Amino acid sequence: FRSIEGKFLTLLSHYGLEKIEPLGKPFNPEFHEAIGVVETREEKEDHTVMEVVQTGYVLKGKVIRVARVKIGEHKS
């Protein structure tokens, strides 16, 4: 199934489909939906995507599914 999935995603990428890769990037509500919070030790990880729960996709520059993510929250 992984092989078929890879070939299918390759085919769709030729038509402009792009996977949203949010891990380690700042939270952006245009591309991400926060469904949880992860406590972090470093302040620089505040509001950073810490975990991807569901992959998001962009088709020809338009978001067709936002990435569902958990974001970091620094507790002092």
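**Figure 1. Leu-17 in strand β1.** Leu-17 lies in strand β1 of a predicted model, in which local features require pLDDT of at least 70, side-chain atom pairs count only at pLDDT 80 or more, and totals for chains, interfaces and linings use all residues. Residues are numbered from 1 along each chain as its sequence is written, and side-chain values use heavy atoms, with hydrogens and water left out. Strands (E, at least two residues) and helices (H or I, at least four residues) are DSSP runs numbered from the N terminus. Leu-17 has a relative accessible area of 14% and is therefore buried (buried means under 20% relative accessible area, exposed over 50%, partly exposed in between, with a 1.4 Å probe and protein chains only). Apart from neighbours within four places in sequence, Leu-17 is in contact (heavy atoms within 4.5 Å) with Leu-9, Leu-12, Tyr-57, Val-58, Leu-59 and Ile-64. Pro-29, twelve residues from Leu-17 in sequence, is 20 Å away in space, C-alpha to C-alpha.

**Figure 2. The antiparallel sheet β1-β4-β5.** These three strands form an open sheet in the order β1-β4-β5, and their pairing is antiparallel; two strands pair if DSSP finds at least two bridges between them. β1 (17-20) and β5 (62-65) stand at the edges with a single partner strand each, so one side of each has no neighbour in the sheet. On average, neighbouring strands of this sheet are turned by 35° against each other, direction ignored (axes are lines fitted to C-alpha atoms, for helices over the stretch in contact, and angles run from 0 to 180 degrees between N-to-C directions).

Figure 3. Strand β4 (residues 56-59) pairs with β5 in the antiparallel sense over three bridges. Tyr-57 stands opposite Arg-65 in β5, and the bridge partner of Leu-59 in β5 is Lys-62. Two residues lie between β4 and β5 in this hairpin, and Lys-60 in the turn has a positive phi of about 50°.

**Figure 4. The largest nonpolar core and Ile-20.** Six residues make up the largest nonpolar core: Ile-20, Val-49, Val-58, Ala-67, Val-69 and Ile-71. Strand β6 (residues 67-74) supplies the largest share of this core, three residues. Such a core is a set of buried Ala, Val, Leu, Ile, Met, Phe, Trp, Tyr and Cys residues joined through side-chain atoms within 4.5 Å. Leaving aside neighbours within four places in sequence, the contacts of Ile-20 are Phe-31, His-32, Thr-55, Gly-56, Tyr-57, Val-58, Arg-65 and Ala-67.

**Figure 5. The surroundings of His-32.** His-32 is found in strand β2 (residues 32-40). With a relative accessible area of 8%, His-32 is buried. Not counting residues up to four places away in sequence, His-32 touches Ile-20, Pro-22, Pro-26, Phe-27, Val-49, Val-66, Ala-67 and Val-69.

**Figure 6. The mixed sheet β2-β6-β3.** Three strands form this open sheet in the order β2-β6-β3, with mixed pairing. β2 and β3 (49-54) stand at the edges, and each has a single partner strand, so one side of each is left without a neighbour in the sheet. Neighbouring strands of the sheet are turned by 30° against each other on average, direction ignored. β2 and β6 run parallel and are joined by eight bridges. Glu-39 stands opposite Glu-73 in β6.

**Figure 7. Arg-68 in strand β6.** Arg-68 belongs to strand β6 and, at 31% relative accessibility, counts as partly exposed. The residues that Arg-68 touches, not counting those up to four places away in sequence, are Glu-33, Ile-35, Glu-51, Val-52, Val-53 and Gln-54. Arg-68 and His-32 are 36 residues apart along the chain, while their C-alpha atoms are separated by 5.8 Å.

**Figure 8. The setting of the close-up views in the protein chain.** The protein chain has one helix and six strands, which follow the pattern α-β-β-β-β-β-β along the sequence. Its radius of gyration is 14 Å, well over the 11 Å that the globule rule gives for 76 residues, so the protein chain is more spread out than a compact globule. This radius is taken over C-alpha atoms, and the globule rule is 2.2 Å times the number of residues to the power 0.38. Along the principal axes, the C-alpha atoms of the protein chain fill a box of roughly 45 × 25 × 20 Å. Of the 76 residues, 20% count as buried.
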